[in-house]
Amino acid sequence: MNLQRLRGLIRKEFIQILRDPSAIAIAFVLPVFLLFLFGYGVSLDARHVPIAVVVDQPTAETSAFVGGLQHSPYFKPEIYGSLHQAREAVMDRKADGIVWLRADFSRQVIQGKTAPIGVLVNGVDANNARIMEGYIQGVWQNWLQQRALNAGKPLIIPINAEPRIWFNPALRSRDFLVPGLIAVIMTLIGALLTALVVAREWERGTMEALMATPVTMGEILLGKLIPYFIMGMGGLLLSVALAVWLFAVPLVGSFWVLLVCSALFLLAALGMGLLISSAARNQFVAGQIAIIVTFLPAFILSGFIFDIQSMPAPIRFMTHIVAARYFVSILQTVFLAGDVWSIILWNSLALLLMALFFLGVTWRRSRKRLD
Amino acid sequence: MSEAVTPLHFADVSKSFARGKERVQALDHLEITLQAGSITGLLGPDGAGKTTLMRLATGLLLPDSGTVSVLGADTRSQANVIQNQIGYMPQRFGLYEELSVQENLDLYADLQGLSREAVRSRQQELLKLTALGPFGARPSGALSGGMKQKLGLACALLRAPQLLLLDEPTVGVDPIARRELWEIIQGLREKGLTVLMSTAYFDEAERCDEILLLHQGKLLKKDTPAAFSAPLDGRCFLVSDETVSKRHLRETLQARPGIQDARILANGVRVLCRTTTQPEAWAGESWQAVAPSFEDAFVDLLGASMATPDAPVTSHTAAAEPVQQASPMPPRDESTPETVIEVHDLCKFFGHFEAVKDNSFSVQKGQIFGLLGANGAGKSTTFRMLCGLLPASSGTLRVAGVDMRHASAEARARIGYVSQKFSLYGNLSCDQNLSFFSAAYGLRGALRRQRLDWARQEFQLEDYRDVNVDELPLGIKQRLALACALLHEPPILFLDEPTSGVDPLARREFWKRVNALAEAGVTVMITTHFMDEAEYCDNLVLMSLGEVLAQGSPEQVRAQARSEEHPDPSMEDAFILLIQNHESQIRRSS
Amino acid sequence: MLARIWALVIKEFLALMRDKKSRFVLIGPPIIQLLVFGYAATYDLNHIPYAVYNQDSGFASRQLLGDFQGSTAFKQVATIDNEGQIAPLINNEKALLVLNIGPHFTRDLLMHHPAPLQVIINGRNSNTATLALNDVNTVLMHFDLRWAQEHHWGKPPAQLVVRSWFNPNLLSRWFIVPGIVALLVLVVTLLVTGLSVAREREQGTFDQLLVTPMRPVEILLGKAIPGFVIGALEGLFIVLVAVFWFRVPFVGSIPALALGLALFLLAGVGIGLMISSLSVTQQQGLLGVFIFLVPAIILSGFATPIANMPEAVQYLTYLNPMRYFLIIVRGVFLEGDNIPMLWPQYWPLAIIALCSMAAASWLFRHRMQ
């Protein structure tokens, strides 16, 4: 290892990065773009869901229930004259569901019978439908409580759940999406950008000239690894800053733990990028492979949006070879739960092993040869 | 390093590559020894194994069998030692385009492990040698081809290597830059450096101390240029005939028995006979014995592989064209020539940069018209405007009476176009390319079948019908591109650098076809930076920095450069002289 | 003219199919994505891992826990006996939730006092937490009803009777898989058309095309048709896989889907050709496709509802062709929609298709220099 040669390579890489707009775009513009898109565009928190309300016979009892819907931040109720019209509204996608209070609602309530409240939800978006059901249940329970309170009788529900939601009491989906997104962004810089720049050296024939000098393969690899490591950490700091200051995601755990774990993940991602580029010597192919084997899994199989627990067993098993999975787990824990060492240590160990594996294989595979 | 150490030694070296399912033998039991302190030229047709040989010498490839030793070290075990002592410039120069000239030099100095102090003076020296001093801060991507080549050379020379390997350093570089490069290389030889370079130029080969002629992975011959041409003594003649065009003369000469090769030179047609007995001269011809050159030897040695029947392009007749006159034009028709292409005060700006300045010229029917100039002279820009691919900023241009930019589809069917690098669909087979272009030109039915058969036969593409174009050697690609452009029998043919990067044999073959086309009445417009090819043109325009420096017949252009020192300048001399005058004029005026 | 377009179309297909790489791009990723999305992209919770901290020894708590054990949604992973064990379970994500039953649970219930059930839940993934809580509430509701009946608590004055249309078991696969039709069709058409002109520019064959008698509109059509055909074939393939492999019900009208697909493909082809005529290299084309595709997918309602987005962003989604086609494809698959019902989706899609094709041909003619 010759420090002068290494320094020369690193300086060259930085000059290239600074003068090549596409590298800047991938390393800095794309992360901000993705953060904004996800921070603002993606939300699983239903608010003001349009819901059709049909009251066959308006009375004080029904208006109390409808009032409950109206006061809920989750719903935007609209009164329809008949069930038929309400159905039309759902068909026309003006409403996501119907709450139907039948003609005999008040009578049954007053007579002490249990009056049915018809709830019809459009189940096409199953997740949304389920969340809506939960909210309607909440409205219903509130209504029951309010009634009991007004009547001066204790509430007659035998068991009621007292949820204690840890780490994200307001259940803001942004708080779990934004940290997870950091894993996607780091994959982009570490694997995609690195694979592309090495492939570019092959394409332009500079790799051949480089190899004909006394430089060693280790120096060439380090000469790529170090600059893009620094870039990746830059991307990380940018993302964390945006997450904390713009999107107000709490960072409960220690920043330094986050930094160290990110460094490990970045090494693994860089290792993958270098490995891809050693197999694919043209930018188009390298880009394709990088997107398929690193970017897509980081998106879908990492637990970033879709819960790994819910996946079928074979796919759940597959996620164990996705480095982003371990990093997403660390990120969500460090941001929201704090320094939970058992999670951090085990996942870091996995990241370390993956980094060693990818870098080791890259090291073994790279020889100073053109064939 | 003592004199006894051989700079480069190949002992029974073989190397093969997998290409698809088959293995290609790139080098076949090669035995080579270079002499210290000499310049060795590496020549051979496409696919002869030149680049593979270079890479084996750098240790970037290892031989399948045999040993390669460089400066006494074996490439298998001591690649690092070797790479510390050689300079290597790959085909594309190995420069980082985003980095400036100085930054590229600094990078390679660091990679060579040179200390800052030592490197300063060396870099100054090299910048002076290559005249790149004023461009230190310019990104190397913005340099001209010749400057890139010199920078690549400077990077390879930073450490003062024992052995310098140059892989086709002069491809696509204009004559001035080539001349400068040779001056540098010769200066280096005087200091005891050993140089191995591959080249496609015969005049460069003649300047080498020794030539290695490779063919299909085998060493055909290794000797001095003089020794190459010596056996041909008495077989070479210069033939001239004032009554017919040189082109026509060449055609007739080539067709005669006993004549192996005929090519056009400035002052006549050069003939290589099969034996030392001079064939009978026809009336009006004067035959003059001349000394053989390396090019003759090359043709002689590789002649067997160029299986070109010399039949002129037969079934291509301008008569099939509705717009043109009915009968095929006889050679050298003396009747009033018809102007086919007319350019007047043509200008082209890219932003503030004026790529083409006030060009005017006209081309007569049946002529071969050449656009000559260095890289960046504005040849391709002019060309693209003529074909309607670029709008002109000002001025008028007429091709077959219309401006191609706004021409109807029918008018566009009158031109054929072969672009730089023979743009064909790489992953389509030969046949698929042909049938696509035939349909694109609106051929159908029996005529289409007939033209396709003609193309396959005329251009000898039968063997390659199902081969993907990407896998074809450049020479075959060039044939195919020409075939595609001729399918619809256009009366006007545009050829943009059709011979760049093509090996010498394919180039000769190509010109034979173009000559035949012109004889058949097709107007051919061609750009090239091979100055010897200018002699094939009836008329030409010499361009530099967007301006027309000279125009007229090759004789007229050469005459413009005639002076006391150069009583009989070659086209290359004329080119260099005119451009240097022009540049000094610009400098004086600014 | 037709013969020339036909030749160009044939050439495009050959160029795509003869090259191993581009063949792979057209066939590999769609299948991988289909499988991965079809199986991995799910919001449905099964086997929610939970732990029990039961301080009550009575039968009521046992009965309640029995309900949880009997539910397929839940899977008990631990039983703990002191409060200190809760935190490690949640922190380490061993359990998503812990049911904490107080010491007087059965006694309270028997005395007609409401008994609280503390549910400690890991909120790291807010969506999972919300859904798990809903599931807990559902179990509790059933328990409550039964208990109220058996122990004469008196009936509640009203009760929810929930029914969901179109997707009675609320399987998110039924929602995601039809969405993949839209997703992959868009990806493939953009990749085919978005890179096609750039590839010819890079190879230099574009100039060659322009000097032939082909008119720009012919070239444009020759480029558009392969994208359309490949997109349509791929769309058909995914619909078949959705119906026969993933068993998503298809209750609507086939012509309604075909019309929607055709309009969507036109829009996609137009956008692809716009990107194509703007980019000089394939690299730029790829970047352009990526920059359009990511927001188009995220702001389409594919994975998260448009209604949850900020209002300004919601307006933006009206420009997104995928938004309309997602409604069409889900409507036809699950809701049984026919052509008249989908009219509000067709016309914006048609306008987008028209505008993008017009813009593409304008750009195409003006960028030829």
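Which ring does the charged end of Arg451(B) sit over?

1. Ground rules. This is a predicted model, where local features need pLDDT of at least 70, side-chain atom pairs count only at pLDDT 80 or more, and totals for chains, interfaces and linings use all residues. Residues are numbered from 1 along each chain as its sequence is written, chains are lettered from A and ligands numbered from 1 in the order in which they are written, and side-chain values use heavy atoms, with hydrogens and water left out.

2. Aromatic pairs. A pair of aromatic rings is described by the distance of the centres and the angle of the planes. Rings of Phe, Tyr and Trp (its six-membered ring) pair if their centres lie within 6.5 Å; planes under 30 degrees apart are stacked, over 60 edge-to-face, and the rest tilted. Searching the whole structure turns up 43 aromatic pairs over all chains. Take Phe255(A) and Trp256(A): their ring centres are 5.4 Å apart and their planes stand at 70°, so this pair is edge-to-face. As for exposure (buried is under 20% relative accessible area, exposed over 50%, partly exposed in between, with a 1.4 Å probe and protein chains only), Phe255(A) is partly exposed at 30%, while Trp256(A) is exposed at 61%.

3. A pair across chain C. Phe250(C) and Phe333(C) are also edge-to-face, 4.9 Å centre to centre with 75° between the planes. Phe250(C) is in the loop between helix H9 (216–244) and helix H10 (254–278), and Phe333(C) is in helix H13 (residues 321–335), so the pair ties together parts of chain C that are 83 residues apart in sequence. (Helices, H or I with at least four residues, and strands, E with at least two, are DSSP runs numbered from the N terminus.) Phe250(C) is partly exposed at 25%, but Phe333(C) is buried at 0%.

4. Clusters and charges. Phe38(A), Phe295(A), Phe299(A), Phe304(A) and Phe290(C) make up one aromatic cluster. Back to the opening question: the charged end of Arg451(B) sits over the ring of Trp454(B), 4.0 Å from its centre. To count, NZ of Lys or CZ of Arg must be within 6 Å of the ring centre and within 35 degrees of the ring normal. Likewise, Lys11(C) lies over the face of Phe436(B), 5.6 Å from the ring centre.

5. Salt bridges in chain A. In one of them, Arg5(A) meets Glu219(A), with the closest N and O atoms 2.7 Å apart. Arg5(A) is in helix H1 (residues 3–19) and Glu219(A) in helix H9 (residues 217–246) of chain A, so the pair joins parts 214 residues apart in sequence. Both Arg5(A) and Glu219(A) are buried. Glu13(A) and Lys224(A) form a salt bridge too, at 2.8 Å, again linking H1 and H9 of chain A, this time 211 residues apart. Glu13(A) is buried at 1% and Lys224(A) is buried at 4%.

6. Salt bridges elsewhere. Arg124(C) and Glu93(C) form a salt bridge, their closest N and O atoms 3.8 Å apart. Here Arg124(C) is buried at 1%, whereas Glu93(C) is partly exposed at 33%. Over in chain B, Asp261(B), Arg263(B), Arg270(B), Glu295(B), Asp296(B) and Arg508(B) are linked in a network of salt bridges.

Conventions: Salt bridge = Lys/Arg side-chain N within 4 Å of Asp/Glu carboxyl O.
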